[in-house]
Amino acid sequence: PSDPAARPGTYGATPPTERLQAPLLVAADSRFSATRRQLGIGARMTDFGRTVIVCRMHHALPHGGVAHECFGYERTLAILPLPDAVDTLDATDSAGSRHLCSVVVTAGAADAAALMALPADAFAAQVQAQFRGRLGPMQLDGERHAYPLVAVYADRFAAHRCALLGDAAVGMHPVTAHGYNLGLAGVERLTAALQTARRQGRDIGDQHVLAAYARTHHHNAWPIYEGTNAIVRLYTDARPLPRLLRQLVLQGARRLPPLQAAIVGQLTGKPPGWMQSLAPGRPTNLQET
Ligand SMILES: Cc1cc2nc3c(=O)[nH]c(=O)nc-3n(C[C@H](O)[C@H](O)[C@H](O)COP(=O)(O)OP(=O)(O)OC[C@H]3O[C@@H](n4cnc5c(N)ncnc54)[C@H](O)[C@@H]3O)c2cc1C
C-alpha cells in the first residue's frame, strides 16, 4: 500500500482472503518464506547443490554431551548429542544401545538418494563407519528426512509493520547446528525491541522500532552465516591450496585463544566489538513497503 501506516496489516491480502488488522506482521514461515516474498523482501540464496539427511540414532557408547563434525570431501557428518533414550530402550536390542544422538549427513544428490534408499541397518553401518566406530554400534531410531541444502539470508529483516524471524530471516547451512539457536536469539531481540517500544508508548510496527531488531540481529547473524558458508567451502574443496589453508586455519584457531574466544562469543550472542563492525549494513536499510 502507498501508506501502510494508514492501513496496517493489509499486506498481500487479496480477495477472497480474509483481511486481518494488526500493528505488526511477523513472518516465521521457513527459509522459503512465502510471506517474505509477498512482502517484497528479497533474499540471497546459496544452493550448495547437496542434500542433508537428518535422523536419530541409538549407539552403544555414551557421547558425553560432545558434538562432532566430520568433514569428508564427499560427505559431511554431524553427530549431535541428545538425552539418553531410556524410555525407548528395546530390551532385544543386540547392540545394547541406550544413548541417542541426532545425525546430520550432507551428501551429493545422487549419494543422498542412495543413502535414503538403503535399508536401516546398512545406512547405520555407513554412519558408524564414517564416525570410525567412536560411539560403538549404531542403529537408526525412526525415520530419515532429506532436505535440499540451501542457505538463505534476507535482504532486510524488517520493514514498516513487518519483521522476519527464524529461518525466514536467516536460513543457515546446518553444519554448525546453530540455526535454531540463532532463531531463538532473534526472538529475544525482536521481543526486546517491542517491549522497549511499548514502554515508550510507541507504535510497535514503526520501522524505526523494528530497525533496532534488524540491526542487532544482523550484526550477530551475518558473521555466523558467512563464517559457516566459508567453512563449508573450505572443507569441501579437495584442491591442494584449500587443503593447506584448512590446516592453517585449524592450527591458527588452536594457537590463538582470542580467535577461539571471538568465535564462541559470536555463537553465544556476545561478540567482540571488532567482529560486529564487520557486518555490512544492508538488512538494516529499511524502506517503506
Ligand atoms: C537438515 C537441517 C538440519 C538442521 N540441524 C540443526 C541443528 O542441529 N541445530 C540447530 O540449531 N538448527 C538446525 N537446523 C536449523 C533449524 O531447523 C532451523 O533454524 C529452525 O527449524 C528454524 O525454525 P523456523 O521456525 O524459523 O522455521 P521452520 O522450522 O522451517 O518452521 C516454519 C514453520 O512455518 C510453517 N508454515 C510455512 N508456511 C506457512 C503458512 N503459510 N501458514 C502457516 N504455517 C506455515 C511450516 O509448516 C513450519 O512448521 C537444521 C536445519 C536443517 C534444514
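Residues are numbered from 1 along each chain as its sequence is written. In this predicted model, local features need pLDDT of at least 70, side-chain atom pairs count only at pLDDT 80 or more, and totals for chains, interfaces and linings use all residues, while side-chain values use heavy atoms, with hydrogens and water left out.

**Six-stranded sheet**

Six strands form an open sheet in the order β3-β4-β5-β2-β6-β9. Pairing is antiparallel. Helices (H or I, at least four residues) and strands (E, at least two) are DSSP runs, numbered from the N terminus. Two strands pair if DSSP finds at least two bridges between them. The edges are β3 (68-71) and β9 (170-171); each has a single partner strand, so one side of each is left without a neighbour in the sheet.

Helix α2 (residues 109-117) packs on this sheet and touches β2, β5 (99-108) and β6. Contact means heavy atoms within 4.5 Å. The direction of α2 makes about 140° with that of β5. Axes are lines fitted to C-alpha atoms, for helices over the stretch in contact; angles run from 0 to 180 degrees between N-to-C directions. Helix α3 (residues 120-130) also packs on the sheet. It touches β2, β3, β4 (76-82), β5 and β6, and its direction makes about 65° with that of β6.

β3 and β4 form a hairpin with four residues between them. In β2, Thr-46 has Ala-151 of β6 as its bridge partner. His-68 stands opposite Ile-79 in β4.

**Three-stranded sheet**

A second open sheet has the order β1-β8-β7, with mixed pairing among its three strands. Here β1 (25-27) and β7 (158-159) are the edges, each with a single partner strand, so one side of each is left without a neighbour in the sheet. Ala-158 stands opposite Ala-163 in β8.

| Pair | Bridges |
|---|---|
| β2 (residues 43-59) and β6 (residues 138-154) | 13 bridges |
| β3 and β4 | four bridges |
| β7 and β8 (residues 162-164) | two bridges |

**Pocket and cavities**

On a 1 Å grid over the protein atoms alone, a cavity is a set of points where a 1.4 Å probe fits but cannot get out; a pocket is an open set with protein on both sides within 12 Å along at least five of seven lines; lining residues have an atom within 4 Å of a point. Grid points are joined across faces, edges and corners, and a volume is the space filled by probe spheres set on the points.

The second largest pocket has a volume of about 600 Å³. Its lining counts 21 residues. Arg-31, Asp-167, Pro-174, Gly-179 and Tyr-180 lie nearest its centre. β2, β5, β6 and α4 (179-199) each supply at least two lining residues. The largest share, five residues, comes from α4. By class, this lining has 13 nonpolar, six polar and two charged residues. (Ala, Val, Leu, Ile, Met, Phe, Trp, Tyr, Cys and Pro count as nonpolar, Asp, Glu, Lys and Arg as charged, and the others, Gly among them, as polar.)

The structure holds three cavities of 30 Å³ or more. The largest cavity has a volume of about 50 Å³. Residues lining it include Phe-48, Arg-50, Phe-71, His-173 and Val-232. Domain 1 (48-150) and domain 2 (156-284) both give residues to this lining, so the largest cavity lies between them. Domain bounds come from an automatic or database domain assignment.
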